[in-house]
Amino acid sequence: MTIDAYLAQLERRLPRIARRRILAEAQEHLRDSAARHSSEGGLVPHAAEAAAVADFGPVEIVARKLAATGAIRETRIATLVALGAVAFFVFPLYVVPENTLPPAPWAEMPRELAVFQPVSVVLWLVAGALAAASAVLAWTRWSHFAAPVLVTVSATIAGSSIVAAALAVRWFAATPATSNWALAGGLAAGCLFACVAAAIWTIAHRRLLVQD
């Protein structure tokens, strides 16, 4: 079998995402192998390609291994994206509100606000711990467990956002000021979107990781 014929069969068995990159790497490896067989073994080009293909292995097995390798790499990237998004969440959760909320008119914070604030922070810290756990899992043989962990991260960040928004609504209701949602809301939405995207990405690759 020629290298081109082998790559055509391999292409049909690879997932669409990252297919071009995987095929480029496989082609480079096969061409290098064929060149070695030609220079060191004295084989004619067609025989050198056939030998390179035989060394590379059956299409079904190679496709499964290459897809799993790509899934591991992309799962690791997704977990790092989620971890970065959770870390950045400190800006819409604390830094931006701290600099945009109007001064409190009360001597002692109302009970409901005193509850909302620590709850939102605790949820954020839980999300951070889970995101870190997913990143650690992505570098182990249990990388397929990163998907459900990232789903929980997304849910926890969403919960923290909702509680923080409720706190801000009540805060502005008790102060003579106009609310400013654009910056904090946009940043929080961006963080949540990154976490959800990372979770969806890892779920889409989980089957390949389990097979690996």
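In which segment does Met1 lie?

A: Met1 lies in the segment before helix 1. The model discussed here is a predicted one. Leaving aside neighbours within four places in sequence, the residues in contact with Met1 are Tyr6, Gln9, Glu49, Ala50 and Val53. One of these partners, Val53, is 52 residues away from Met1 in sequence, yet the two C-alpha atoms are 7.0 Å apart in space.

The next element to consider is helix 1, which comprises residues 3-13. Its buried residues are Ile3, Tyr6, Leu7 and Leu10. These residues lie on the same side of helix 1, because they cover an arc of only 95° around the axis. Among the elements that cover them are helix 2 (19-41), helix 3 (45-56) and helix 4 (59-88).

The nonpolar cores may now be considered. In soluble globular proteins, nonpolar side chains tend to be buried together. The largest nonpolar core in this model has 18 residues. Within this core, the residues with the most contacts are Val86, Phe89, Trp124, Leu150, Val153, Ile157 and Cys195. Two or more residues are given to the core by each of helix 4, helix 6 (111-137), helix 7 (146-173) and helix 8 (182-211). Helix 8 makes the greatest contribution, with 6 residues. Apart from this core lies another, of 17 residues, which includes Leu10, Ile22, Ala34 and Ala48.

Leu150 may be examined individually. Beyond its neighbours within four places in sequence, Leu150 is in contact with Ala78, Thr79, Ala82, Ser134, Ala198, Ala199 and Thr202.

Finally, there is the packing of helix 4 against helix 6. Two packed helices are described by the angle between their axes and the distance between the axes. For helix 4 and helix 6, the axes come within 9 Å and cross at roughly 160°. An angle over 145 degrees counts as roughly antiparallel, and helix 4 and helix 6 are therefore roughly antiparallel to each other. The crossing of helix 4 past helix 6 is left-handed. On the side of helix 4, the contact is made by Thr79, Leu80, Ala82, Leu83, Val86 and Ala87. Helix 6 contributes Trp124, Ala127, Gly128, Ala131, Ala132, Ser134 and Ala135 to the contact.

Technical notes:
Residues are numbered from 1 along each chain as its sequence is written. This is a predicted model: local features need pLDDT of at least 70, side-chain atom pairs count only at pLDDT 80 or more; totals for chains, interfaces and linings use all residues. Side-chain values use heavy atoms; hydrogens and water are left out. Buried means under 20% relative accessible area, exposed over 50%, partly exposed in between (1.4 Å probe, protein chains only). Helices (H or I, at least four residues) and strands (E, at least two) are DSSP runs, numbered from the N terminus. The arc is that of the directions from the helix axis to the C-beta atoms. Contact means heavy atoms within 4.5 Å. A nonpolar core is a set of buried Ala, Val, Leu, Ile, Met, Phe, Trp, Tyr and Cys residues joined through side-chain atoms within 4.5 Å. Axes are lines fitted to C-alpha atoms, for helices over the stretch in contact, and angles run from 0 to 180 degrees between N-to-C directions. Angles under 35 degrees count as roughly parallel, over 145 as roughly antiparallel, 65 to 115 as roughly perpendicular and the rest as oblique. A crossing is left-handed if the near helix is turned anticlockwise from the far one by less than a right angle, and right-handed if clockwise.
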